[in-house]
Amino acid sequence: MKDMEDIVIETVNLTKIYRLGPVEVRALYDVNLKVRRGEMVAVVGPSGSGKTTLLNMIGGLDKPTRGKVYIEGMDITRMDDKELAILRRKKIGFVFQFYNLIPVLDAYENVELPLIITGVPEEERRRRVERLLKLVGLEDRMHHRPDELSGGEQQKVAIARALANNPSIILADEPTGDLDTETGMKIMNLLKEISREEKVTVVVVTHDPQVAAIADRRIHLRDGRIIRED
Amino acid sequence: MGLLKIAIRNVKRRKIRSAIAVLGVVLAVSLIIAVNVVVDSLTVGLVEAYTGYLGGYDAFITRRGDFGVFNSSVLIENISRIEDVNLTVPIFLYRCVAYSIYGKKVGVAVLGLNHTCGVSVLGAEIIEGSFLSSSNACILPKDLAADLRVSVGDSLLLEVFSFKSMRYENVTVTVAGIISTPEGMPITLRRFVLLDVSFLQNMTGVLWGDANIILVRFDQSIIDYDNIDATVAHMVDIGCKIQDTIGFNFSVHLIKASLLENIKDAIAMQRAIFLTFTMISVIMAIILVMSTMLMNITERVREIGIIRSLGATKSQIFAMVLMESLILGVIGTMIGLAAGLMVSRVLVQPIVSNGMITVQITFRHYHLLYGGVLGVLISSMGGIYPAYSASRITPVEALSPSARRATITEEEFKRRKKDVNISLLLGGISLFALMSFLIFFIPIVTFYGTPIIFMLLIFVSLGSVLLGLTLVMVAILPLMVTGIAKLLRKIWKVEALISGRNLLRYGRRTKITFFMLSMSIAFILLIGNITTISLATSEVSMRAHIGSDIVIYPRQPVHLTVCNNISELEGVVSVCPITSPLTVKAGDIVLYRQTTINIYGVNTSTFLESAFREFVSINGISPEDAMERLQENGTIIISEGLAKFLGVGVGDTIRIEISQKTITLKVIATASMMPGFSFTKFEQKASGTDAIVSLQTFKNISGTLTVERILVKVKEGVDPRSVASSISNTIGVYYDIEVVTLSDLMESMRKGYEQMFALFTSILVFAVVIAVLGHAISIITSIEERIWEIGVIRSIGMQNFQIIMSAVLEAFILAVCSYLAGMVGSLVITAEFVLTNNLTSDLPMPFTLPCALYIGIFLLVSVTAVILSAILSRKVTKMSIIDALRRGMRL
């Protein structure tokens with residue numbers, strides 16, 4: 001029973017079929033996956049294997065053709081747009097490969113944004129934003145706009161923003177794709193540390209084996225199916 | 001050829017944006033065509049309205065010095081032989097009293113006309129009955145028939161002085177027809193009875209062929225409305241020939257030529273004003289095309305880089321972008337030429353609905369030429385800067401975003417962070433200050449230049465002052481945006497934060513849109529303010545100038561007892577006669593200083609009650625005391641300005657010189673304002689002002705008492721028009737008088753201003769609409785550019801209505817900032833205008849504003865922005881988040 005409670009993400013026969021004219025493309029096919037609280041999972045596979053599609057399904061950005069997605073036991077495939085927006089706000093944090101940040105807002109405001117949306121009081125917001133920026137090591141660059149930050153620093157801000165509402169899940173799509181190897185490794189270690197210390201489930205999509213090695217578990221996808229887990 | 005193809009495809013690629021830019025060109029082109037069409041149509045309409053009552057006659061001939069009777073037959077024969085003279089008609093104008101069978105009695109003019117001419121001679125039409133059917137038939141204007149209560153078939157008794165029997169004789173005539181009252185005619189000439197000229201000659205006992213007026217019509221082919229100067233010159237030429245033929249015992253009055261001469265100046269002025277207003281729309285259209293093209297090339301930096309890397313030269317890129325804007329211009333011009341006709345009809349509406357003149361819309365080939373040239377001009381001028389910027393893009397810069405980022409130096413970062421553009425601010429302040437200062441030199445230009453040059457100068461300087469102010473506003477725009485966004489953040493936290501920042505992010509685009517909106521709004525509000533204030537000022541000044549509800553102007557000497565008769569009429573409160581002025585030299589006692597003034601005699605016991613009290617401003621003592629003291633013989637009230645000029649005060653004596661006789665009068669009061677008279681508080685305006693004395697004093701110093709006008713105050717709640725009409729029907733029967741009511745004058749003046757207001761605002765609203773189109777393009781681009789960003793915000797849980805709200809707020813904040821800036825600009829300049837005027841004017845200008853215009857423009861600007869941004873952002877929220885994010889990857 002305790003084991004069941006600790007499953008944060010569960011997909012059941014998750015299938016997504018795109019139609020490109022007369023051709024059917026199976027982006028995901030019968031994917032069954034369980035991820036526990038505080039676990040860091042890397043989804044790996046070649047380009048076009050369905051990694052991003054899987055991540056989008058889990059994040060409620062896209063609807064499956066068939067199958068279910070459970071987040072903390074709730075079936076999100078039945079939710080409407082408004083419920084999904086609230087779910088994303090409270091339970092999920094996203095980190096993309098690039099263009100993560102709102103360019104008109106500085107680092108502090110970017111992290112603060114989800115908190116304002118949720119309606120967190122100002123005092124509490126300031127406390128949390130400062131803590132998170134300190135956590136990612138950017139306490140000195142709080143009031144810099146994205147175009148004044150390096151790629152790695154931008155990703156750190158994105159991670160801090162993803163953590164703003166104390167989500168149970170962080171979904172990261174190629175977070176190191178636009179970075180050099182050293183910075184990429186630093187980002188991955190940061191995510192690992194956060195998942196351990198904050199008990200946050202992290203799902204990272206990557207095609208870089210070196211990056212994937214840092215995760216607790218690796219799920220290998222090919223042509224929309226899980227071919228291996230290690 | 002290849003580049004032309006790319007240019008056409010590019011225009012087609014951003015369909016909505018291109019369509020809006022084209023629409024801007026359409027508006028400007030159609031406006032310029034419409035304005036020219038309207039002014040040309042107005043020329044014809046105005047000439048017809050003003051010369052209509054001449055009945056198509058171009059000149060008339062009278063005996064020199066009076067309207068005496070002369071034998072017309074020989075003159076007519078001689079005049080008819082002159083080249084370009086088409087028709088000559090003798091008219092016999094005489095005065096008599098008409099009695100109707102119901103006992104109504106009215107003083108009228110009898111007009112003898114050759115029955116072969118028709119009433120068109122008088123510019124009227126028969127509306128009932130027929131033209132002079134028998135020798136003793138007559139025709140009356142509608143209003144006179146109503147006064148006499150007669151209709152077709154009734155008899156009318158005319159009491160006419162016969163030169164044969166040398167006594168008054170009664171003649172009975174039958175009403176054969178009723179004609180429309182000729183509108184343009186002087187009021188006394190509207191009350192006439194038309195008879196056959198030979199019947200009237202017989203009735204009055206003058207010789208056959210005798211008349212006192214000969215109407216002359218020229219060959220109508222000499223009239224060319226497009227060249228009024230030549231037409232007038234031609235008419236003067238014919239006039240000289242007639243004068244040569246008939247000799248100098250007769251006067252030739254070239255009435256149409258002099259009217260045309262006056263109208264010509266009015267029309268030239270009107271055209272100058274309208275075209276100046278149109279230029280604002282043209283400037284807006286140029287900026288619109290420019291900003292559209294700038295957005296196009298900013299989006300296509302990468303693409304242009306690729307074309308450059310494939311070997312295209314700078315000039316080829318320049319040509320390609322210029323071609324794009326020319327394509328927009330040519331399409332806009334073609335539609336605009338067609339739309340011009342429609343717009344002309346709309347613009348002419350205020351004049352048509354006013355009913356003052358009939359306007360026939362006339363198209364000329366050069367209207368299309370103007371429109372065509374202008375359209376191409378707009379697109380090429382709007383395209384040059386973007387084409388130049390595009391040609392400067394290097395392949396390296398275009399293809400590598402990181403290279404572009406690397407070129408941003410540390411200083412540039414600092415510069416970007418600064419909110420207020422100091423050089424723009426200082427430039428704006430200097431322009432504003434310099435032009436405000438130069439306005440004080442306008443009087444010099446008034447002295448040396450023509451009225452049109454003067455007017456254009458006023459507009460140029462007003463425009464420059466406004467430009468200076470707007471530049472200051474552009475410089476402080478970031479502060480305004482931040483301020484308003486901060487206010488709105490109290491209600492919409494995230495939305496206002498994001499929208500405020502976005503406006504600041506696209507600085508150049510925001511500033512261009514802001515500049516267009518605020519400048520066009522400022523112009524329309526400014527012109528609205530000035531027109532409204534001028535109307536209010538004219539109303540007050542007309543009230544002060546006329547002085548009472550009704551003024552009677554006798555055209556022949558009337559006895560003072562007439563006033564008693566008038567005061568007995570129903571609805572009359574008080575009557576005050578005012579004598580004809582005595583123009584004298586007035587000076588201090590030692591004749592150190594002297595100037596010319598007009599002395600009027602007034603009835604001191606009824607003046608205060610008969611005139612508008614609010615304009616009585618006497619210094620030191622109450623008006624009642626002043627009037628009482630004025631009853632003392634040899635006393636005078638002079639204007640404050642004159643007292644200052646002569647250095648005299650109350651109790652002092654002034655000297656006046658009348659026909660080599662010197663008289664002294666004691667100043668019992670000075671006044672800065674007096675209803676019905678010209679008084680002033682300024683020493684500089686002392687010459688030519690009025691002064692008042694009692695009737696007794698006036699008689700003593702002038703020896704006579706001729707009534708120039710009579711002020712009549714009407715009881716509250718009584719219509720002055722009905723009192724005026726009963727004055728005409730009683731006193732008017734015995735005396736030749738003109739009765740003027742203030743309300744009639746006010747009404748026609750108000751009508752004129754309303755027409756002007758409607759025309760000005762309809763022309764200027766085009767500029768605002770073009771600026772709103774510019775805002776629309778900016779909104780579209782802003783949303784399209786940020787689709788991926790909106791995707792990111794949605795992915796972190798922002799809801800659709802919040803996304804829409806932030807787009808709406810972004811558009812709304814800019815609209816509000818522009819409106820505020822425009823409003824401030826217009827108010828500052830209006831205040832300058834009122835203040836400078838009040839420094840030199842006795843009547844202060846009231847600061848009234850056209851509130852409906854303010855609200856209307858605010859709604860036009862803000863509602864369009866809100867609706868448009870809501871629709872466009874809703875479209876983006878309908879897009880799936882993944883598609884939105886993918887769009888970002890592609891960018």
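1. Met323(B) lies in helix H9 of chain B, residues 314-354 (helices are DSSP runs of H or I with at least four residues, strands are runs of E with at least two, and both are numbered from the N terminus). Its relative accessible area is 24%, so Met323(B) is partly exposed (buried means under 20% relative accessible area, exposed over 50%, and partly exposed in between, with a 1.4 Å probe and protein chains only). Met323(B) and Pro850(B) are 527 residues apart in sequence, and their C-alpha atoms are 43 Å apart in space.

2. This is a predicted model, in which local features need pLDDT of at least 70 and side-chain atom pairs count only at pLDDT 80 or more, while totals for chains, interfaces and linings use all residues. Residues are numbered from 1 along each chain as its sequence is written, chains are lettered from A and ligands numbered from 1 in the order in which they are written, and side-chain values use heavy atoms, with hydrogens and water left out.

3. His365(B) is placed in helix H10 of chain B, residues 365-391. With a relative accessible area of 68%, His365(B) is exposed. Between the C-alpha atoms of His365(B) and Met381(B) there are 25 Å, and the two residues are 16 apart along the chain.

4. Helix H19 of chain B (residues 507-546) packs with helix H26 of chain B (residues 742-785) at an angle of about 170 degrees, and the axes are 8 Å apart. The axes are lines fitted to C-alpha atoms, for helices over the stretch in contact, and the angle runs from 0 to 180 degrees between N-to-C directions. H19(B) and H26(B) are therefore roughly antiparallel to each other (that is, an angle over 145 degrees). The contact between H19(B) and H26(B) is made by 24 nonpolar, 13 polar and five charged residues (Ala, Val, Leu, Ile, Met, Phe, Trp, Tyr, Cys and Pro are nonpolar; Asp, Glu, Lys and Arg are charged; the others, Gly among them, are polar).

5. A cavity is a set of points on a 1 Å grid over the protein atoms alone where a 1.4 Å probe fits but cannot get out, and lining residues have an atom within 4 Å of a point. The lining of the largest cavity has 14 residues, and those closest to its centre are Leu503(B), Ser778(B), Ile779(B), Ser782(B) and Glu810(B).

6. Helices H18 (493-505), H19, H26 and H28 (800-840) of chain B each give two or more residues to the lining of the largest cavity. H26(B) gives the largest share, five residues. By type, the lining of the largest cavity divides into seven nonpolar, five polar and two charged residues.

7. No disulfides are found over all chains (a disulfide is a pair of cysteine sulfur atoms within 2.5 Å). For Cys563(B), the nearest cysteine sulfur is that of Cys576(B), 7.7 Å away. Cys563(B) is buried, with a relative accessible area of 7%, whereas Cys240(B), at 44%, is partly exposed.

8. Two residues other than glycine have a positive phi: Asp30(A), at about 45 degrees, and Arg149(B), near 55 degrees. Asp30(A) is in strand S2 of chain A, residues 23-36, and is partly exposed at 31% relative accessible area. Arg149(B) sits in the loop between helix H4 (142-148) and strand S7 (155-162) of chain B; its relative accessible area of 55% makes Arg149(B) exposed.

Methods: Angles under 35 degrees count as roughly parallel, over 145 as roughly antiparallel, 65 to 115 as roughly perpendicular and the rest as oblique. On a 1 Å grid over the protein atoms alone, a cavity is a set of points where a 1.4 Å probe fits but cannot get out, and a pocket is an open set with protein on both sides within 12 Å along at least five of seven lines; lining residues have an atom within 4 Å of a point.
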